[in-house]
Amino acid sequence: MSTDRDPLAVEDASAPSPEEAAPAEPGDAASPAAPADDTAAGTDGDGREGDGREAEDGERKEGSPAERPAPAAEAGAGASGGGNRSAAAEALAAAVRAVESGERPAASFFTGPSGGRRAPAAPVPESGAAPRPERATTPAPTAAAAPAPPPRPALHISAEGLDGVRQVLTAGGAPETLAGQVVGVLGEQAAEALRDDPWQLLAVPGVRPEQADGFARALLGPECGPGDERRGQALVGWLLERAALAGHTVLEASVLRTALGKQSVPEPDEALQSALAEGSVLVFQEALETSGTAARPEPDGSEEEVPVRLLLGLDRYAMAEESLADGLARLISTLGTEPAPAAAAGETVTDAEAVADGGEDGQEAGAASGGTEAPTDSSPAASDAAPDWEAAAAAAPSPSAAELIRAVAASGLVTHSGGEAARAEPLALVLAARALGLRAWAAAHTEDGKRRLVALGDPDAVTVTGLLSGQEGPGRDAEGALALDVLAVLDAPQLDVETAAMLVESLTDGTRLVLSGDPGVLWSAGPGRVFADVVAARACPAVVSRTPDAGPIGELVSGIGIGELTTVDAPGKEVVIVPVRDAGEAVHRTVQLVADSVPRAIGVPADHTQVITPGHGGAVGTRALNAALKERLNPGPGRFGGFDPGDRVAYVPAPGRMVPGTVVSADAAGLRLDCAGSPVVVPPERVGGTVRHGWAVTAHQAAGTRWPAAVVVLPGDAAQELTRSWIYTAFSRGERHLSVVHGVDQALPRAVAEIPAKERTTRLRSLLRAPQSEA
């Protein structure tokens with residue numbers, strides 16, 4: 001695999017509904033342009049893992065709605081429906097190509113003033129500061145120790161209305177069991193909506209274009225054609241949703257045109273124009289980052305037009321990204337910049353200018369003086385004297401911790417990069433801020449991340465999910481904002497754009513926010529690459545830890561982070577390589593390592609050893625490995641919906657959040673789990689979509705969690721899927737021991753050296769840079 005792969009490719013046969021969505025990465029490979037017989041919903045592809053939000057590879061339990069495809073039929077092969085290209089579509093095509101070629105100013109593409117954004121249904125202000133989506137401002141009700149997602153609002157629809165939806169589905173050859181999902185997506189008038197536009201079935205998670213085409217043909221008959229305007233609009237939305245699963249918040253117009261063409265849309269430009277006119281898609285312009293992008297004066301005094309690219313995206317992610325950029329800019333601008341005491345000799349604070357001089361993505365640079373402002377009157381820390389940040393820095397446990405404290409004293413937003421050992425630095429900041437009388441909290445991505453913070457000395461550590469829901473942390477003030485002065489978010493690379501936007505919107509002016517994490521790990525399960533974009537924008541101080549991870553595993557992972565796969569000295573068998581020739585041997589060696597070798601040689605029992613593999617499907621995917629491991633470690637008939645007491649499971653209460661657990665029992669209330677000491681009851685109707693066996697997981701599922709020992713399986717057919725970030729994440733999950741079941745030969749060092757990560761198309765970096773350019 002290379003970074004120039006199809007940006008829409010998501011290894012996922014079908015995206016599930018929110019309550020069914022499982023951990024953090026797509027499963028089965030399927031290009032959005034795949035033919036009708038390529039990957040039908042519910043079938044198993046190769047199950048490889050991608051960068052986007054996991055859809056559990058489209059897997060459904062036997063007989064589930066999405067598993068039974070509608071009659072597959074090509075959308076009007078040879079049928080009409082597209083007609084001649086409309087004048088509007090011709091104008092769009094000409095405008096897009098002229099802008100992309102530089103022959104025409106980008107502003108001329110938009111109906112509004114230069115630099116505006118086209119959003120017919122929901123205009124976006126030209127200033128670039130989008131209205132903030134409404135967020136909950138009151139704490140959520142107290143829940144069980146292991147938080148579960150809030151219940152979806154009940155949609156009241158009569159039995160007659162539901163029967164009407166079933167009748168339409170049956171008439172179109174779709175399973176009537178989809179009725180509940182259809183109503184949940186399309187609302188009370190779902191039956192009428194489907195009759196008017198059968199392709200709206202594509203909005204239901206798990207439905208693929210070839211299935212929607214078959215449904216439409218059955219309802220519309222001969223008038224159904226591949227160029228139908230309704231089909232084009234639905235496909236634009238489906239492709240953008242699919243791109244979000246791969247981590248993109250927007251796509252280039254040219255990419256969407258190509259993808260629409262592969263879906264047999266005869267006039268892709270007309271489909272884009274139609275979607276834009278309906279307001280379901282927003283269009284943006286972004287300056288191309290080339291060495292000569294600076295605007296130069298023309299002879300007549302005007303500035304030369306800067307080359308731009310046109311981006312299209314769903315308003316959901318576009319608004320979240322703009323809201324996040326606006327919120328981060330607010331935090332930066334609302335903290336004073338009065339000079340603080342000079343830094344101690346030999347220590348530095350990296351500000352935006354120093355970072356810009358220091359290299360790509362926030363390398364450490366020269367010293368800069370900092371500053372601070374007394375907290376607002378609403379803060380308990382408000383007093384006549386400002387907090388003595390310099391004294392706190394002088395008492396810090398390490399130079400990097402001191403550097404971080406000084407940076408936070410001077411800025412409302414700071415990024416902090418480092419490995420596992422560097423987690424102690426933001427924690428030192430939080431403890432120092434509390435000692436200064438400030439309300440300071442540390443938040444991790446997972447329950448295990450929270451556990452590690454507690455072990456480092458912070459019994460009040462929280463998870464991001466618990467903080468936002470009100471189940472953990474300080475709660476919210478009378479205005480709905482989080483009642484804190486300093487917030488350090490660890491595992492920040494796991495923040496998707498919507499979660500980050502919600503978090504930042506919950507912070508009051510003057511709050512200090514630290515985004516801390518390991519830049520080498522996989523990006524978030526959901527769309528966006530928040531941490532990487534904030535660092536790359538160089539809009540705030542960036543502190544890079546000088547604290548290395550110790551031991552052979554730390555040495556190995558540090559080398560991978562800079563593109564080098566080195567041989568490390570492991571006298572205590574901390575790192576073991578097990579070569580294999582084929583899939584069968586890979587499964588055999590993996591079971592042997594977990595059940596016998598690691599417990600005997602390392603002293604780590606099987607239930608504390610985690611297997612990590614690139615995907616769910618295939619001969620060495622999680623399904624195959626979990627079946628083999630269950631047979632060896634906890635054989636049983638699977639009497640509780642495929643599970644037995646003692647089975648290790650991966651419980652996914654919400655997309656991107658995997659909680660390891662063990663099955664305890666089951667009853668009428670559901671499947672009972674023990675998740676790190678917290679009891680969880682999963683209702684019967686949610687078990688199939690949120691619980692799967694967990695002896696083996698993927699790297700996206702494992703991100704944010706560590707185990708005493710890890711066995712990473714690299715089968716031969718995974719060679720094209722490996723990236724440096726995947727390898728870095730998988731290899732760094734073991735605290736004491738790492739075994740690598742190695743069957744990819746030279747693909748491993750090649751991926752480490754040449755393929756950093758799967759790229760994502762986002763706008764946050766340019767949005768954060770825009771205020772700097774204007775300044």
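## Contact between helix 7 and helix 8

In this predicted model, A253, L256, R257, L260 and G261 of helix 7 meet P268, D269, A271 and L272 of helix 8, where contact means heavy atoms within 4.5 Å. By class, this contact of helix 7 with helix 8 comprises 6 nonpolar, 1 polar and 2 charged residues. Ala, Val, Leu, Ile, Met, Phe, Trp, Tyr, Cys and Pro count as nonpolar, Asp, Glu, Lys and Arg as charged, and the others, Gly among them, as polar.

Two packed helices are described by the angle between their axes and the distance between the axes. Helix 7 and helix 8 (residues 268-278) pack at an angle of about 115°, and their axes are 9 Å apart. Axes are lines fitted to C-alpha atoms, for helices over the stretch in contact, with angles running from 0 to 180 degrees between N-to-C directions. The crossing of helix 7 and helix 8 is right-handed; a crossing is right-handed if the near helix is turned clockwise from the far one by less than a right angle, and left-handed if anticlockwise.

A253 lies in helix 7 (residues 253-262). A253 has a relative accessible area of 2% and is therefore buried; buried means under 20% relative accessible area, exposed over 50% and partly exposed in between, with a 1.4 Å probe and protein chains only. A253 and V283 are 30 residues apart in sequence, and their C-alpha atoms are 8.8 Å apart in space.

## Basis of the model

Residues are numbered from 1 along each chain as its sequence is written, and side-chain values use heavy atoms, with hydrogens and water left out. In this predicted model, local features need pLDDT of at least 70 and side-chain atom pairs count only at pLDDT 80 or more, while totals for chains, interfaces and linings use all residues.

## The chain overall

The protein chain holds 25 helices and 19 strands. Helices (H or I, at least four residues) and strands (E, at least two) are DSSP runs, numbered from the N terminus. Of the 775 residues in the protein chain, 57% are buried. Among contacts between residues at least 6 apart in sequence, 74% join residues at least 24 apart.

## Helix 3

In helix 3 (residues 179-186), the buried residues include A179, Q181, V182 and V183. The buried residues of helix 3 pack against helix 2 (159-171) and helix 4 (190-196). Just after helix 3, G187 adopts a positive phi of about 90°.

Six strands form an open sheet in the order 6-5-7-8-4-9, with parallel pairing. Strand 6 (462-463) and strand 9 (542-544) stand at the edges with a single partner strand each, so one side of each lacks a neighbour in the sheet. Two strands pair if DSSP finds at least two bridges between them. Strand 5 (residues 440-444) pairs with strand 7 (residues 486-489) in the parallel sense over 4 bridges, and the bridge partner of W441 in strand 7 is L487.

## Strand 11

From strand 11 (residues 609-612), T609 and V611 point one way and Q610 and I612 the other way, and all are buried. Strand 11 pairs in the parallel sense with strand 18 (residues 707-714) over 4 bridges and with strand 17 (residues 696-697) over 2 bridges. V611 has V711 as its bridge partner in strand 18, and V611 stands opposite A696 in strand 17.

## Cysteines

The structure holds 0 disulfides, a disulfide being a pair of cysteine sulfur atoms within 2.5 Å. C540 is buried, with a relative accessible area of 4%. C675 is also buried, with a relative accessible area of 4%.
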